[in-house]
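Trainee: Please take a close look at the inside of this protein. I want to know which side chains pack together there and what they touch.

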Amino acid sequence: MKTVKLFIAALAISAVAMAAAPQVSAQENEDGKYGPYLTNGLWDNWFVNLGAGANLGYDNSDWKAGFALNLNAGKWFDPCFGARVGYNGITGMDGMFGYFHLDGLWNISNTIGGYKEDRFWSFVPYIHAGLLYDNPIACLEWGAGAGLLNLVRLSDLLDLTLDVRGNIYKREGKAGYISAAVGLAVNLGETKTWTRA
């Protein structure tokens, strides 16, 4: 009988705690800048980005510069994490060059400083992987690396971007490149508005 009373008391305490937890959590999140966010709809928080700059390629101790064109499309899943697909290239070590990639984005400014809709400058490190084409070898190689995307807010719909990436790949020895491009990102759908969970 004593065990049954203890069990019922534990259930009652648990029920009260579970009922009160969301209210306490909501109160803490209402005034704080941190906390989980609800993901928006499928068509919200998309962006497209076009940029231009320079590629600096490395191949067995030889460095060569080329023209860089960046074209990306992606989506933010919450204020801190997103993904994009894109193309980077035009000219590389010996002519035509192209890199088709998938990037995992981490907005470290929102993670450390808390989400702010009107933040002027955001730092977004990312990792990337994809297929690379480098003439005159005329074959596809796997490439991978990391980069840093800088987002400077111009308006709710428009960001200035500075995108710097490094890439390594196999090309009859050690090969890789560094790319830097300046451009614009257009935000599509319901943008940069997030509801706390």
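Mentor: Start with contacts, meaning heavy atoms within 4.5 Å. Of those in the protein chain between residues at least 6 apart in sequence, 58% join residues at least 24 apart. This is a predicted model: local features need pLDDT of at least 70, side-chain atom pairs count only at pLDDT 80 or more, and totals for chains, interfaces and linings use all residues. Residues are numbered from 1 along each chain as its sequence is written, and side-chain values use heavy atoms, leaving out hydrogens and water.

The protein chain has two helices and eight strands. Both kinds are DSSP runs, numbered from the N terminus: helices are H or I, at least four residues, and strands are E, at least two. The order from the N terminus is α-β-β-β-β-α-β-β-β-β. Of the 197 residues in the protein chain, 36% are buried. Buried means under 20% relative accessible area, exposed over 50%, and partly exposed in between, with a 1.4 Å probe and protein chains only.

Now the core. A nonpolar core is a set of buried Ala, Val, Leu, Ile, Met, Phe, Trp, Tyr and Cys residues joined through side-chain atoms within 4.5 Å. The largest one holds 10 residues: Y37, F47, W76, L105, Y115, V124, Y126, L149, L151 and W194. Another core, of six residues, lies apart from it; L132, Y169, A175 and Y177 are among them. In soluble globular proteins, nonpolar side chains tend to be buried together.

β5 and β6 run antiparallel, joined by 13 bridges. F123 stands opposite N150 in β6. β4 and β5 pair in the antiparallel sense as well, over nine bridges. There, F97 has D134 in β5 as its bridge partner.

Next, the aromatics. Rings of Phe, Tyr and Trp (its six-membered ring) pair if their centres lie within 6.5 Å; planes under 30 degrees apart are stacked, over 60 edge-to-face, and the rest tilted. That rule gives six aromatic pairs. F47 and W76 are tilted, because their ring centres lie 6.2 Å apart with the planes at 35°. F47 sits in strand β1 and W76 in strand β2 (residues 62-76), so the pair ties together parts 29 residues apart in sequence. Both are buried. Y99 and Y177 form an edge-to-face pair, because their planes stand at 75°, with centres 6.4 Å apart. Y99 is in strand β4 (residues 96-106) and Y177 in strand β8 (residues 174-188), 78 residues apart. Y99 is buried at 0% relative accessible area. Y177 is buried too, at 5%. Ring pairs link F97, Y99 and Y177 into a cluster.

R84 lies over the face of Y126, 4.7 Å from the ring centre. The test is NZ of Lys or CZ of Arg within 6 Å of the ring centre and within 35 degrees of the ring normal.

Last, a polar residue. N49 lies in strand β1 (residues 46-59). N49 counts as buried because its relative accessible area is 4%. A polar atom of its side chain lies 2.9 Å from the backbone oxygen of L184. Leaving out residues up to four places away in sequence, N49 touches N70, L71, N72, R84, T161, G183, L184 and A185.

How values were computed:
A polar contact is a pair of N or O atoms within 3.5 Å; within protein, one must be able to donate a hydrogen and the other to accept it, and residues adjacent in sequence count only if both atoms are side-chain atoms. Two strands pair if DSSP finds at least two bridges between them.
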